[in-house]
Amino acid sequence: MQKVWGILLAFIFLTACGENKTTALDTEKTSDIQEKSIPRNIEKYGFNLNDFAVVEDTIRKGDIFGELMTRNKVDYPKIYQLTQEYKDTFDVRRIRVGNPYTILKSRDTSEIAQVFIYENDPINFTVVDFRDTVLAYRGRKEVRLVEREASGIIPPGGSLSNVIVEENIDYLMVNELSGIYAWTIDFFKLDAGDKFRIIYDEKYINDSIYAGAAHIKAAYFEHKGVPFYAFAYHNDSLDLREYYDDEANNLRRTFLRAPLKFGRLSSRYNLRRKIRYYGYRVRPHKGTDYAAPIGTPILATADGMVSESTRRGGNGKYVKIRHNGTYSTQYLHMKKQNVKQGQFVKQGEVIGWIGMTGNTGGPHVCYRFWKNGRQVDPLREKLPAADPLAEVLRPDYYEYINPVKVQLDCIEINEAPSDELLTLNQ
Ligand SMILES: [Zn+2]
């Protein structure tokens, strides 16, 4: 009987995927939108541009707001009034080189600037209206979200960030993926053949200008053949948006897998390590080394109290954090600490930077994991998970994720050699 169900399910699964088989096309469509030229938008920033003579430019090096306005025939008292009354809305000293601005001038021969609009970023802008009494306020362009499906496979010697770039996926997804799976997957030790599928939103302004990616809605990451699902879930009775797996387990753990976002695991915890320098005698290594360039931020792997932040002998500059009665962690060879003894730190907080202080042959952090006062291998510790989803929310959760999971499973993964993709994208 079970077998029959299996076949039936497989059939349903296939049909569902068939309907949805537009991944590659969708991808092309979205990049098309970016290049299409926009028809002149008459309504912009809440003004009818036909009513004005419009000047569009970007802030250049050496531009001073006051001079820019005087050049456009705004009276000095009005500029002064703006700087006095609207400092919080628009700080004229903080205009940034390269940011676009628009000046709306009167259409008569006077050509006096009536409105100045500064783009704080691709989505937010500030309007300064000089027409009557000076007025400044902020606005926000309408953003349309376009759902995007993407996937990738780690080639031999490749990294997640390479694949993200090659597949034309927003670079934010490197952070998103390594953030979501920071407790479950060791991104320092990905294998060739590890693969992922993601669903996320891209933001577009006026349906045409790409304005970055939003958070991942759902993800699938296959590491060493083991699947890990992640679904963003929010419910009014939950404070936070959290990621749960397909069995409603929280993806967060009490400890991050590594104290760095990026880098290379260079030496594992090894009680029988032999070093040539010491005549191949056993020199146990009770830490886990992560190599990264000098200055790379070192993160607290869990919440806790800084019990030591000092410099001592071979350890160099280091930080030790007490997390609870059982666990402490220690981070050696820092260039500089970012925390003081007695300070409380949150998981993921920058506590210092990679350096070479103390006894070390190259820039790395030696990460030491203490359990009941003894050093253990963090990569072998079974670390407790954060709270799973409450029982009462599960029916709603499963109802929400079931179709998303099917959509996720249906995203095709391009297994073609990556150099072919590279030439396509250049
Ligand atoms: Zn070490």
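Let's start with F116: its bridge partner in strand β6 is V128. Two strands count as paired here if DSSP finds at least two bridges between them. The strands themselves are DSSP runs (E, at least two residues), as are the helices (H or I, at least four), and both are numbered from the N terminus.

Before I go on, a word on what you are looking at. This is a predicted model, so local features need pLDDT of at least 70 and side-chain atom pairs count only at pLDDT 80 or more, while totals for chains, interfaces and linings use all residues. Residues are numbered from 1 along each chain as its sequence is written, and side-chain values use heavy atoms, with hydrogens and water left out.

Back to the sheet. β5 and β6 belong to an open sheet of 5 strands, in the order β3-β4-β5-β6-β7, with antiparallel pairing. At the edges sit β3 (53–58) and β7 (135–140), each pairing on one side only. From one strand to the next, the twist averages 20 degrees; angles run from 0 to 180 degrees between N-to-C directions, using axes that are lines fitted to C-alpha atoms.

H285 sits in the loop between β15 (281–282) and β16 (288–291), and C366 is in strand β23 (residues 364–371), 81 residues apart. Are H285 and C366 buried or exposed? Both are buried, meaning under 20% relative accessible area, where exposed is over 50% and partly exposed is in between (1.4 Å probe, protein chains only).

Next, the charged pairs. Side chains of opposite charge can pair when their charged atoms come close. I call it a salt bridge when a side-chain nitrogen of Lys or Arg is within 4 Å of a carboxyl oxygen of Asp or Glu, and by this rule the count comes to 13. K217 forms one with E147, the closest N and O atoms being 2.7 Å apart. That pair links distant parts of the chain, K217 in strand β10 (residues 209–223) and E147 in strand β8, 70 residues apart. K217 also meets D201 in a salt bridge, at 3.1 Å from N to O. D201 lies in strand β9 (residues 195–205), so this pair ties together parts that are 16 residues apart in sequence. D201 is buried, at 10% relative accessible area, whereas E147 is partly exposed at 38%.

Strand β8 (residues 143–153) also holds V143. V143 is partly exposed, at 26%. Leaving aside neighbours within four places in sequence, V143 is in contact (heavy atoms within 4.5 Å) with I123, K203, Y204 and I205.

Finally, the whole protein: 8 helices and 24 strands, with buried residues making up 44% of the 426. Among contacts between residues at least 6 apart in sequence, 63% join residues at least 24 apart. Thanks, everyone!
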